[in-house]
Amino acid sequence: MKNMIGQNIQSRRKMLGLTQEQLAERLGVSRQTVTKWETGETSPDLANAGALAAALDVSLDALVAYDARGTGLPMPPRGKHLFGTVTVGERGQIVIPKQARELFGIMPGDALLVLGDEDQGLALMKADDFMERIEAMRAHLNG
């Protein structure tokens with residue numbers, strides 16, 4: 001586990017364009033401490049791990065356990081998810097991965113709105129959530 005944390009600290013730090021010294025300064029630790037974390041010589045304590053996750057804009061879970069070898073992709077920022085791929089059936093149907101359904105509370109029978117942007121791709125949104133936002137916007141404009 002130490003090695004995974006160290007690899008994740010180093011890869012995310014580099015992705016953000018930070019030096020070890022800059023990260024250490026943000027956390028109030030020495031550059032040598034960051035070096036020891038990255039090499040796996042030591043691991044950050046819980047307080048430092050939380051501060052690291054915040055400074056690197058990732059979840060604590062991703063910082064501790066993300067394995068880029070599984071996806072070939074870098075660690076996602078906090079709140080961003082990659083649930084894997086789905087195969088489109090002959091009639092256009094897809095199966096939403098279980099982890100995504102659980103995280104976003106998608107239940108059988110829920111209506112999903114399919115949004116598209118030619119530059120950014122497709123997105124799914126619960127139709128009820130979309131209508132709530134429309135109603136809130138109407139109330140704000142009329143209010």
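## A helix pair to start with

Glu-135 has a relative accessibility of 41%, so it counts as partly exposed; here buried means under 20% relative accessible area, exposed over 50%, and partly exposed in between (1.4 Å probe, protein chains only). Its partner in a salt bridge is Arg-138, with the closest N and O atoms 3.0 Å apart. A salt bridge is a side-chain nitrogen of Lys or Arg within 4 Å of a carboxyl oxygen of Asp or Glu.

Both Glu-135 and Arg-138 sit in helix 8 (residues 127-142), three residues apart, which is about one turn of the helix. Helices (H or I, at least four residues) and strands (E, at least two) are DSSP runs, numbered from the N terminus. Arg-138 is also partly exposed, at 48% relative accessibility.

## About the model

This is a predicted model, where local features need pLDDT of at least 70 and side-chain atom pairs count only at pLDDT 80 or more, while totals for chains, interfaces and linings use all residues. Residues are numbered from 1 along each chain as its sequence is written, and side-chain values use heavy atoms, leaving out hydrogens and water.

The structure holds five salt bridges. One of them joins Arg-78 to Asp-57, at 4.0 Å between the closest N and O atoms. This pair links distant parts of the chain, 21 residues apart: Arg-78 lies in the loop between helix 6 (68-71) and helix 7 (98-104), and Asp-57 in the loop between helix 4 (46-55) and helix 5 (60-65).

Lys-126 and Asp-110 also meet in a salt bridge (3.8 Å, N to O). Lys-126 belongs to strand 2 (residues 121-126), and Asp-110 to the loop between helix 7 and strand 1 (112-117).
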